[in-house]
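Hi,

Here is the structure I promised to pass on.

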Amino acid sequence: MTSAAPPVAARCPVDHTTLAQPRDPNGCPVSARAAAFNPFEPAYMQAPGDYLRWAREQEPVFWSPQLGYWIVTRYEDVKAVFRDNILFSPAVALEKITPATPEVMGILQSYGFAMNRTMVNEDEPDHMARRRLLMDAFLPERLATLEPMIRALAREYMDRFIDKGRADLVAEMFYEIPLNIALKFLGVPDEGAEQLRQFAVAHTLNTWGRPTAQEQLDIAHNVGRFWQTAQNILDGMRAQPDGEGWMYETIRQHLKHPDVVPESYLRSMMMAILAAAHETTSNATANAFHTLLTHRQSWDDICANPALIPNAVEECLRVAGSIIAWRRQATADTQVGGVAIPKGARLLLVQASANFDPRHFENPDDIDVYRESAVEHLTFGYGAHQCMGKNIGRMQMRIFLEEFVRRLPHMRLVPGQAMSYLSNTSFRGPDALWVAWEPALNPERSGSRQLPPAGAFFIGPPPKASIARSVVLREKHAEGEGLFRLVLADPQGAVLPAWSAGAHVDLIAGGFRRKYSLCGEANDRSTLQVVVQREADGRGGSRHFCDQLEVGTVLQLSGPKNLFKLDESARHVVLFAGGIGITPVMAMADRLKHLGKSYEIHYAGRSRAQMALLARLERDHAAHLHLYVKSQGQRLSLPAVLADVTADTRIYACGPDRLISELESLSERWPAGVLHFEHFNAEGTALDPSKEHAFVAQLKDSNVEVAVAADQTLLQALQSAGFDVPCDCNEGLCGTCEVAVVEGDVDHRDKVLTKGERQTNRRLMACCSRAAGQRIVLAL
Ligand code: FMN
């Protein structure tokens, strides 16, 4: 029984009574804040991302003496631990975080409680073998059959309260529908919502809570009853194993492959799934409605444009997911975020903190339903153990939102209600969510809007095309030969998203979608500015933006996104721009000036008329600016300018391939991490099937092989095999589709990696790079 053994490292091994300050298992002193970390105090549940803000900044991996766990708070670290489920075993995922007293153990045993391995806490190779056998029911085509039922239930439940003007959405809808859907999906008979809710609460507190010794006794009885109920249901189902539903499929797989799906697995899974299948969706839905109604602009945006709902769901899962922390155990001495983690140590990966990490998400504290990277949240976990039911959860959340924005767009949160949550490390959702509205204003009654039939529905992550906001071209200025500065604003004058130096947006109009770096005033939230260089011989996008867009034209915009971030801690920054590459460089110079940092700008161009933003550069950065105007015989000599590069220098360059490649050659003499660049053009990255060969990508973490045909990119092959590899530009410029390489030579085609990075063969961009040979092994 997993709950029997108290965690090996449940307390700090150092005797605190003899020390002024506690120490971690490495012998290091524990900081006061780390010592005070207590996920069972209300502040953690109210806003877990906020609660750990200090840690993300000051001590991203720390030892918690109160929990006996290493707490991991940054995005990259959490993801890296999830990614490696061999070095970081999931075996402790369902362990009682508060060790059971002998009395509690006695109670559990009296019910025959024998919780053992389930999908979430088992190691390889067992886990993948089982996962593969039990995956079919989660395929999009199978899930799609649930949609009409979810929608009908949503409408029926809403009908019950739509004329009342007030409802607790948790009690009156969000608990029961996911429960109904879960039971239907599993094929389990309805045991009564109230009973199952009590059981699920007991299971959560028993596994992830810190009940007092007295409370534990009651909880243990409920967990025992839950176990017995689950076993009775299972026995009933086994008597007629030809029923429909995932649990029936699991029973049939058990009968066919008892070695892969053994008896103990079946029993444990039955109880675990009864709680996990609906609690997560119920909580996530309530959190999402709370988030959107508290940020009214976002709610109004999805009411005005329901196509945004899938991405709004992802943004809500990012900022207010229902799984906020998950556990792993180190199987060998290792490091996380540079901190030594001894073998056997337990780790609490706080996804709710990682999802607010500014190193990964721009302006993480802003709720932005237009955020393209929202889907990169870690709420579903990552890697081989990623939540199997994620698409059922997404589907329900989308349908609920679709129905509410049509039928109750004027709904508001009842003001002044205090949100309360069950105290535990991992499952977060409010106990109640009160909303109110004026029934006379219901569109169905007032006739203001008719109920349209539901539009096309899809399963999976949000399509990129749906995530764009409307902006209006407010000003258009000729900035020189073939250069146009476009000033964009929200059509209703709403605030636009904040952005950081180096960021770009995608402009979408006339069938073109192109990236442009932001170069206006960073603190101006009412407009976004770009400069577009008209490429006469280009693919047509820049011609369209320069020739066809008039002041007053409404176009679509996605982003901002920053793949060219400025290291603000550098001692000295050298900025290089060639031609239109000045746009992100200008924003960097503005930021460095604002910070009072030491910097210099080297800007090369053919003639003054062809160099954008000159007047502003000369006005704001004259003392730092070096111009190299070819028509005036001035040439930039990189070795001369860069005679004095040290480890704390940072060099940022944007411009023609020639400039960047010369800098790359020079960079071989500099410490790693000094040079950063961004390419604007993707020449040489496109797929040419006549010159390619087919190969096999072996996905190590998932134990799967994917065949990549000659006329297919690796990214396309991975996505069609069901792997959610994020991507953006699809032409090797942005780095979004980076995948870690375990083994095999890579034919690198991207413009993101440096020469040194290519040589190490540790990473590749899946949208354009390929295996150099017949096979490549990837960490996926
Ligand atoms: N082109 C510009 O004219 N100005 C920019 O600020 C700019 N920023 C870019 C930022 C990124 C990250 C990338 C990848 C490209 C950028 N480009 C910029 C290039 C444009 O996206 C686009 O390729 C160019 O306008 C040519 O498009 P066309 O061939 O359709 O005419």
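Below are my notes on helix packing, the ligand site and a few backbone details.

First, some ground rules. This is a predicted model, so local features need pLDDT of at least 70 and side-chain atom pairs count only at pLDDT 80 or more, while totals for chains, interfaces and linings use all residues. Residues are numbered from 1 along each chain as its sequence is written, and side-chain values use heavy atoms, with hydrogens and water left out.

**Helix packing**

Two packed helices are described by the angle between their axes and the distance between the axes. The axes are lines fitted to C-alpha atoms, for helices over the stretch in contact, and the angles run from 0 to 180 degrees between N-to-C directions. Helices (H or I, at least four residues) and strands (E, at least two) are DSSP runs, numbered from the N terminus.

Let's start with helix α11 (residues 176-186) and α15, which pack at an angle of about 140° with their axes 8 Å apart. That angle makes α11 oblique to α15; angles under 35 degrees count as roughly parallel, over 145 as roughly antiparallel, 65 to 115 as roughly perpendicular and the rest as oblique. α11 passes α15 in a right-handed crossing (a crossing is right-handed if the near helix is turned clockwise from the far one by less than a right angle, and left-handed if anticlockwise). On the α11 side, Pro178, Leu179, Ala182, Leu183 and Leu186 meet Ile273, Leu274, Ala277, His278, Thr281 and Ser282 of α15, where contact means heavy atoms within 4.5 Å. The residues of this contact of α11 with α15 divide into 8 nonpolar, 3 polar and no charged. Here Ala, Val, Leu, Ile, Met, Phe, Trp, Tyr, Cys and Pro count as nonpolar, Asp, Glu, Lys and Arg as charged, and the others, Gly among them, as polar.

Helix α15 (residues 263-294) also packs with α19, at an angle of about 40° and with the axes 10 Å apart. That makes α15 oblique to α19, and their crossing is right-handed. The contact is made by Thr281, Ala284, Thr285, Ala288, Phe289 and Leu292 of α15 and Gly393, Gln396, Met397, Phe400, Leu401 and Phe404 of α19. By type, the residues of the contact of α15 with α19 are 8 nonpolar, 4 polar and no charged.

What is the angle at which the axes of α17 and α19 cross? The axes of helix α17 (residues 309-319) and helix α19 (residues 390-407) come within 9 Å and cross at roughly 120°. That makes α17 oblique to α19, and α17 passes α19 in a right-handed crossing. Ile309, Pro310, Val313, Glu314 and Leu317 in α17 meet Arg394, Met397, Arg398, Leu401, Glu402 and Val405 in α19. The residues of this contact of α17 with α19 divide into 7 nonpolar, no polar and 4 charged.

**The ligand**

Which residues come nearest to the ligand? Of the 20 residues around the ligand, they are Arg514, Lys515, Arg539, Gly541 and Ser542 (a residue is near a molecule or strand if one of its heavy atoms lies within 4 Å of it). A polar side-chain atom of Arg514 lies 2.6 Å from an oxygen atom of the ligand. For Lys515, a backbone N or O atom lies 2.6 Å from an oxygen atom of the ligand.

**Backbone details**

Glu124 and Pro125 are joined by a cis peptide bond, with omega about 5°. Pro125 is found in the loop between α6 (102-110) and α7 (126-133). Gly559 and Pro560 are also joined by a cis peptide bond, with omega about 5°, and Pro560 is in strand β16 (residues 554-562). Asn363 has a positive phi of about 40° although it is not a glycine.

Happy exploring!

Technical notes:
Polar contact = N/O pair within 3.5 Å; in protein donor to acceptor, adjacent residues only side chain to side chain.
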